[in-house]
Amino acid sequence: MEHRQLGRSGLQISEVTYGNWLTHGETVAEGNALACVQAALDAGITTFDTADVYALGAAEELLGRALAGVRRSSLEITTKVCLPTGDGPNDQGLSRKHIMESCHASLRRLGTDYVDLYQAHRFDERVPLEETLIAFDDLVRQGKVLYLGVSEWTAPQIASALELAGQLGLRSRIVANQPQYNMLWRVIEPEVLPLCRREGIGQFVFQPLAQGVLTGKYLPGEQPPPGSRATAGGRAPRFIGRVLGQELLTRVQALRPLAEQAGLTMAQLAVAWTLNQDGVSSAIIGATRPEQVKENAAAAGVRLDAELLAAVDRVLGTLVDRDPSKTARLMDVDPAWQG
């Protein structure tokens with residue numbers, strides 16, 4: 001496993017991060033989840049990503065149990081705050097009250113005194129940005145958070161936060177952005193990526209496999225394979241339903257010869273593709289079985305040549321979405337994508 005610097009910060013994170021959205025506490029039994037975390041550690045993954053909203057805290061709790069006994073300084077643990085974690089009026093958003101209470105709850109569930117990276121899971125239009133930034137800065141000053149990030153923020157939102165932090169004289173600044181990014185969904189390329197490159201903000205991307213579709217296991221004209229995310233319980237089928245259109249699945253199968261020529265599985269090609277994009281610090285993978293972790297982690301360190309990258313673009317063609325207005329609108333996909 002290779003490591004990269006997170007933006008221009010001093011933090012080193014593993015090229016492949018293990019994340020537990022839609023898995024731990026929701027669709028994967030605890031024994032299997034623990035085995036997946038162990039497989040990640042065995043593969044050299046040191047960075048683990050979660051959020052307070054994942055399975056309403058159960059994902060953080062399970063990750064905390066899975067990492068118990070591992071030397072804390074050898075890990076980078078990241079979590080998030082903003083999305084609803086309860087029914088109360090202050091159980092969501094980026095108010096000082098919710099940030100402080102959510103951070104303390106996350107630390108308890110994870111069984112740690114601090115998180116390496118704390119991220120604003122979405123932008124909150126209802127709360128003054130100054131209030132949010134000062135609350136985050138206070139957590140850094142208290143030693144409960146080491147670095148700050150955002151997830152699914154637009155370029156203007158990120159730029160506003162950077163400017164305001166400077167005006168306020170805050171000691172901490174945004175060093176990470178966690179967007180959805182893969183071969184098909186590239187909405188960060190026109191605006192977010194150029195801004196982040198200039199400002200030294202690393203991309204910590206999720207869904208590099210597009211909910212598993214880029215592994216090639218979903219075949220056009222056939223039912224999803226048993227045990228796949230499309231047949232799982234919980235919310236997983238809703239999200240993967242965005243990318244099960246017949247045209248999309250046909251195009252994805254046309255990527256198989258490219259993966260074979262590179263000596264990679266299709267999953268490895270997809271993860272490696274994200275890691276070969278300028279500005280990307282790490283790709284977050286999820287898994288339901290340990291062997292998936294091992295396969296995906298092997299994409300670390302793979303370098304793809306310009307000819308192969310161009311061939312991927314030719315195969316996917318007009319299905320690639322680069323519309324920056326779709327940032328934070330995960331369900332707003334091209335009709336040709338949908339099953």
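**Close-up views of cavities, salt bridges and the strand barrel**

**View 1. Lining of the largest cavity.** Helix 4 (129-141) and helix 5 (155-168) each contribute at least two residues to the lining of the largest cavity, where helices (H or I, at least four residues) and strands (E, at least two) are DSSP runs numbered from the N terminus. The structure is a predicted model, in which local features need pLDDT of at least 70 and side-chain atom pairs count only at pLDDT 80 or more, whereas totals for chains, interfaces and linings use all residues. Residues are numbered from 1 along each chain as its sequence is written, and side-chain values use heavy atoms, with hydrogens and water left out. The volume of this largest cavity is about 70 Å³, and its lining consists of Leu133, Phe136, Leu148, Ala161, Leu162, Ala165, Leu170, Ser172, Arg173 and Ile174. A cavity is here a set of points, on a 1 Å grid over the protein atoms alone, where a 1.4 Å probe fits but cannot get out, and lining residues have an atom within 4 Å of a point. Grid points are joined across faces, edges and corners, and a volume is the space filled by probe spheres set on the points. Helix 5 provides the largest share of the lining, three residues. By residue class, the lining holds eight nonpolar residues, one polar and one charged (nonpolar: Ala, Val, Leu, Ile, Met, Phe, Trp, Tyr, Cys and Pro; charged: Asp, Glu, Lys and Arg; polar: the others, Gly among them).

**View 2. Lining of the second largest cavity.** Seven of the lining residues are nonpolar and one is polar, with no charged residue.

**View 3. The salt bridge between glutamate 30 and arginine 65.** The closest N and O atoms of this salt bridge are 3.0 Å apart, the term requiring a side-chain nitrogen of Lys or Arg within 4 Å of a carboxyl oxygen of Asp or Glu. Because glutamate 30 belongs to helix 1 (residues 30-42) and arginine 65 to helix 2 (residues 58-67), the pair ties together parts that are 35 residues apart in sequence. Glutamate 30 is partly exposed, with a relative accessible area of 35%, and arginine 65 is likewise partly exposed, at 45% (buried means under 20% relative accessible area, exposed over 50%, and partly exposed in between, with a 1.4 Å probe and protein chains only).

**View 4. The salt bridge between aspartate 116 and arginine 72.** The closest N and O atoms of aspartate 116 and arginine 72 lie 2.8 Å apart in their salt bridge. Aspartate 116 sits in strand 6 (residues 115-120) and arginine 72 in the loop between helix 2 and strand 5 (76-81), so the pair ties together parts that are 44 residues apart in sequence. Aspartate 116 is buried, at 5% relative accessibility, and arginine 72 also counts as buried, at 18%.

**View 5. Further salt bridges.** The whole structure contains 19 salt bridges. One of them joins aspartate 124 to arginine 126, with the closest N and O atoms 3.2 Å apart; here aspartate 124 is buried, at 6% relative accessibility, while arginine 126 is exposed, at 58%. Elsewhere, Glu2, Arg4, Glu15 and Arg303 are connected in a network of salt bridges.

View 6. Eight strands, in the order 3-4-5-6-7-8-9-10, close into a barrel with parallel pairing, and the twist averages 30° from one strand to the next. Two strands are taken to pair if DSSP finds at least two bridges between them, whereas angles, which run from 0 to 180 degrees between N-to-C directions, refer to axes that are lines fitted to C-alpha atoms, for helices over the stretch in contact. Strand 3 (residues 16-19) and strand 10 (residues 280-285) run parallel and are joined by three bridges, with valine 16 opposite alanine 283 in strand 10. Strand 9 (residues 202-205) also pairs with strand 10 in the parallel sense, over three bridges, and glutamine 203 stands opposite valine 280 in strand 10. Strand 10 is mostly covered, six of its six residues being buried.

Definitions and conventions: 1 Å grid on protein atoms, 1.4 Å probe; cavity = no way out; pocket = protein on both sides within 12 Å on 5 of 7 lines; lining within 4 Å.
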